[in-house]
Amino acid sequence: MSQQYFGTDGIRGKVGEFPMTPDFVMKLGWAAGVVLAADGTKEVLVGKDTRASGYMLESALEAGLSAAGVNIALAGPIPTPAVAYLASTFRADAGVVISASHNPYYDNGIKFFGRSGAKLGSEQQQAIEEKLQYALENGIDCVDSERLGKARRVEDAAGRYIEFCKGTFSSELSLEGLTIVVDSANGAAYKVAPSVFEELGAKVINIANTPNGININNNCGATSLDSLSKAVTTNKADLGIAVDGDADRIMFVDSQGEVVDGDEILFLMAREAKQAGYKGGVVGTLMSNLGLELALKELDIPFVRTKVGDRYVVEKLKETGWRIGGETSG
């Protein structure tokens with residue numbers, strides 16, 4: 001059965017218009033809570049980006065989950081990958097991100113993650129849609145008061161994710177001596193991204209790191225690199241790094257202000273990994289540049305394509321056992 005509400009990256013829409021309304025999101029929270037609770041979920045970690053509408057939708061989602069008897073851990077504005085990581089760290093059973101990624105501020109969305117950090121499978125999404133349709137037609141069935149879910153605020157979620165990110169960088173290496181311009185898209189990574197690179201030793205020049213609720217992705221971030229390129233050349237920086245609103249994609253700018261896109265990043269990662277002994281291949285999408293495929297072939301690195309969407313890239317990585325994959329968009 002085809003899904004009516006879930007797309008390749010959760011549910012999105014313009015805030016105030018169906019389906020991105022408080023009523024819909026409350027019922028979505030209830031439906032997700034009922035389905036996840038049936039699979040043993042007791043607590044859900046909720047993160048968001050910096051859109052003004054995030055507060056409203058967070059409250060609606062919290063109400064729905066609580067009505068289904070599921071506890072809620074509120075992490076505040078943090079990157080999407082942080083929710084996937086912290087859900088397991090805080091022993092939550094699932095994660096939810098309130099974000100519309102690289103879309104303008106007037107859009108928002110909801111996407112769910114399982115306890116493994118991967119997005120929910122199609123079967124769980126279908127089950128949620130069935131419960132959601134029931135709620136839209138009949139309202140929600142609230143559990144008894146003693147079984148209502150409780151909400152708590154997670155302290156220093158961003159700090160914990162910063163430490164995790166730093167831990168993925170070899171202790172034998174340092175960014176000392178490098179000047180890096182970091183464009184946080186006025187989004188979820190506005191605290192995390194600069195801190196990671198600063199604490200690894202780089203001199204960081206920040207741009208687009210003052211979110212006000214409506215400037216997320218506005219002429220900045222991974223989908224709008226002109227300001228980053230200008231900042232890199234003006235400050236004679238070694239590198240520019242840009243993420244999008246929920247920081248689940250990244251793009252680079254070199255010291256000359258030239259863009260290094262997702263395909264080029266994949267190639268660089270694969271080349272370095274092969275030199276270090278990596279035996280696997282690379283997963284791209286139907287949008288991946290032919291040049292990437294040919295360049296990898298010259299290095300005898302296997303390459304396969306999936307449908308567009310990070311969920312399909314992740315599925316193929318699990319299927320093949322490879323560990324390098326991504327999209328042209330970062």
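## Overall size and fold

For a chain of 330 residues, a compact globule would have a radius of gyration near 20 Å, and the chain agrees with this because its own value is 20 Å. The model is a predicted one. Computed along the principal axes, its C-alpha trace would be described by spans of about 60 × 40 × 35 Å.

The secondary structure of the chain consists of ten helices and 14 strands. Of the contacts in the chain with a separation of 6 or more, 69% are between residues 24 or more positions apart.

## Burial, surface and charge

Of the 330 residues, 52% are buried. The chain has an accessible surface of about 15,300 Å², and carbon and sulfur atoms hold 50% of that area.

The chain carries 32 positive and 43 negative charges. The mean position of the positive charges lies 2 Å from the mean position of the negative charges.

Asp49 counts as buried because its relative accessible area is 2%, and the cut-off for buried is under 20%.

Leaving aside residues up to four places away in sequence, Asp49 touches Pro77, Ile98, Ser99, Ala100, Ser101, Ala188, Ile216 and Gly245. With Ser99, Asp49 also makes a polar contact, side chain to side chain, at 2.7 Å.

Notes. Residues are numbered from 1 along each chain as its sequence is written. This is a predicted model: local features need pLDDT of at least 70, side-chain atom pairs count only at pLDDT 80 or more; totals for chains, interfaces and linings use all residues. Side-chain values use heavy atoms; hydrogens and water are left out. Helices (H or I, at least four residues) and strands (E, at least two) are DSSP runs, numbered from the N terminus. The radius of gyration is taken over C-alpha atoms; the globule rule is 2.2 Å times the number of residues to the power 0.38. Buried means under 20% relative accessible area, exposed over 50%, partly exposed in between (1.4 Å probe, protein chains only). Contact means heavy atoms within 4.5 Å. Accessible areas come from the Shrake-Rupley method with a 1.4 Å probe; for residues, only the protein chains shown count as cover. Lys and Arg count as positive and Asp and Glu as negative; His and the chain ends are not counted. The place of a charge is taken as NZ of Lys, CZ of Arg, CG of Asp or CD of Glu. A polar contact is a pair of N or O atoms within 3.5 Å; within protein, one must be able to donate a hydrogen and the other to accept it, and residues adjacent in sequence count only if both atoms are side-chain atoms.
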